[in-house]
Amino acid sequence: MNKPLRRIAIFCGILILALLIRSNWIQYVKADSLRNDPDNRRVTIARYSTPRGDIIVDGSPITGSKEVKTNGLNDLKYKRVYKDGPMWAPVTGFASQSFGATQLENIDDGILTGNDDRLFFRNTLDMITGKPKQGGNVVTTLNSAAQKAAYNGLKRRGKGAVVALEPSTGKILALASYPSYDPSSFAGNTNDDAKAWNKLQKKNNPDDPMLNRALRETYPPGSTFKVVTAAAALEYGLYTSADQSTDSPLPWIMPGTTTPLRNDGDLPCENASMREALRVSCNTVFGKIGSDLGNEKMLEQAKKFGFTQEHFTPVRANASVFSDDMNKSQTALSSIGQFNTAATPLQMAMVAAAIANDGRLMKPYMVDKLQSPSLDTIEQTQPEELSQPLSSKNAQILQSMMETVVKDGTGKNAQINGVTVGGKTGTAQHGVDNSEKPYAWFISYAKTSDGSSPVAVAVVVEDENANRSDISGGGLAAPIAKDVMEAVINSRK
């Protein structure tokens with residue numbers, strides 16, 4: 001072969017090699033990024049070419065798919081629809097042709113669309129037999145009666161959130177947020193969907209209905225945090241029983257200041273026992289306990305209950321706050337749920353659940369299992385212990401204190417006939433110089449006659465229409481918690 005021909009042959013060989021490398025790079029190395037590229041219209045068309053699988057509550061779907069008319073402007077065949085959309089939106093999130101997906105609709109999108117790798121053999125078989133691809137199902141832990149009681153209770157009161165847990169497993173039984181939104185209203189890609197979406201955005205709607213208040217909003221927990229402070233007092237041996245007198249002068253001047261920590265009224269708080277102090281909600285007793293223990297021990301106790309870390313249910317929940325750089329007076333204020341303490345409703349439900357579960361905190365979760373289109377179980381969630389914030393003995397002491405609150409204290413509105421209820425009220429100040437109307441809190445658990453505790457609840461209410469003097473955890477939040485607990489108990493019968 002002469003020299004010019006050899007050069008041409010080498011050059012052509014290099015070109016062929018480059019083409020082979022390029023095609024393999026695109027098909028294998030770049031395949032996932034191209035498949036998931038938001039500008040890849042074929043992926044979107046394929047996603048909406050078949051009905052999605054469903055999200056299941058109590059054995060019934062709370063979602064569905066609706067066939068829509070396709071034309072030159074719309075080539076997406078199916079859109080998502082929701083049953084009782086506003087009630088379930090904090091659980092499901094949304095799946096929209098125009099605006100993507102969130103929460104369970106996003107996290108488990110592969111199962112719901114049928115694209116998950118775990119469905120490969122099923123999809124291959126369907127392709128061979130000519131059967132259309134189907135999505136699998138997401139089976140939740142939610143209790144429909146409890147969710148309805150939570151949502152309707154909030155709807156009567158205004159903005160707020162409710163979380164209910166099964167203490168022994170961590171199953172989420174209710175997850176409600178109000179105001180809410182209907183994910184069906186913007187599930188398509190028409191002008192009407194765009195208008196509905198725009199109306200829900202915070203810049204156009206100050207109530208921010210798309211905010212998941214149960215998981216993503218942190219509030220000052222107010223006096224509900226006193227159960228964490230009581231747990232710290234027991235765990236660190238500052239006090240060893242519910243009924244011994246505390247070292248709590250009245251008035252009590254916060255260290256390094258000339259300012260007394262005030263109680264909400266003329267309460268019997270001087271040297272009161274922790275049981276009595278929790279019953280009437282003494283700021284002085286629990287503020288001084290926090291100050292005596294110090295920032296480090298109070299922070300450690302809060303962390304054991306789950307503070308300062310995000311939680312994944314699998315939907316992400318914001319981390320709750322207890323600071324690590326406070327002096328004794330600041331620690332005192334934070335130990336009564338003010339100053340620099342903030343918690344999600346999920347976090348405070350976890351506190352109540354750990355106490356009810358004899359000191360064991362279980363990881364909260366809302367997906368029981370994932371199913372294939374043929375209803376075979378692909379993945380089953382197993383309960384997982386996160387920590388043990390307090391010993392069984394101390395948990396039972398704290399239970400007796402919380403049960404006194406409901407039997408003969410500020411939580412009487414949560415009483416249920418034939419059921420033992422423990423709880424703690426809270427009225428949390430917020431705003432500059434406490435100028436805003438306070439938040440009403442209630443955390444609780446129920447124990448049935450067999451000694452089991454099927455449910456723990458946290459409720460926070462932002463009732464902007466209530467008179468300031470009428471806002472209290474016992475008055476606004478406790479009745480909602482009672483309804484949720486009753487719904488869970490009755491569903492077990």
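This is a predicted model: local features need pLDDT of at least 70, side-chain atom pairs count only at pLDDT 80 or more; totals for chains, interfaces and linings use all residues.
Strands of a sheet pair through backbone hydrogen bonds, in either a parallel or an antiparallel manner. The parallel sense is found between strand β1 (residues 55-57) and strand β7 (residues 137-140), which are joined over 2 bridges. Within this pairing, Val 139 of β7 is the bridge partner of Ile 56.

Helix α8 (residues 144-157) packs against helix α18 (residues 473-491) at an angle of about 160°, and the two axes lie 8 Å apart. Because angles over 145 degrees count as roughly antiparallel, α8 is roughly antiparallel to α18. The crossing of α8 and α18 is right-handed. On the α8 side, the contact is made by Ala 145, Ala 146, Ala 149, Ala 150, Gly 153, Leu 154, Arg 156 and Arg 157, while α18 contributes Gly 475, Leu 476, Ile 480, Asp 483, Val 484, Ala 487 and Val 488. By class, the contact of α8 with α18 comprises 10 nonpolar, 2 polar and 3 charged residues.

Gly 64 is located in strand β3 (residues 63-67). This glycine counts as buried because its relative accessibility is 14%, and the limit for a buried residue is under 20%. Leaving aside residues up to four places away in sequence, Gly 64 touches Asp 54, Lys 79, Arg 80 and Val 81. Gly 64 and Ala 174 are separated by 110 residues in sequence and by 21 Å in space, C-alpha to C-alpha.

Key
Residues are numbered from 1 along each chain as its sequence is written. Side-chain values use heavy atoms; hydrogens and water are left out. Two strands pair if DSSP finds at least two bridges between them. Helices (H or I, at least four residues) and strands (E, at least two) are DSSP runs, numbered from the N terminus. Axes are lines fitted to C-alpha atoms, for helices over the stretch in contact, and angles run from 0 to 180 degrees between N-to-C directions. Angles under 35 degrees count as roughly parallel, over 145 as roughly antiparallel, 65 to 115 as roughly perpendicular and the rest as oblique. A crossing is left-handed if the near helix is turned anticlockwise from the far one by less than a right angle, and right-handed if clockwise. Contact means heavy atoms within 4.5 Å. Ala, Val, Leu, Ile, Met, Phe, Trp, Tyr, Cys and Pro count as nonpolar, Asp, Glu, Lys and Arg as charged, and the others, Gly among them, as polar. Buried means under 20% relative accessible area, exposed over 50%, partly exposed in between (1.4 Å probe, protein chains only).
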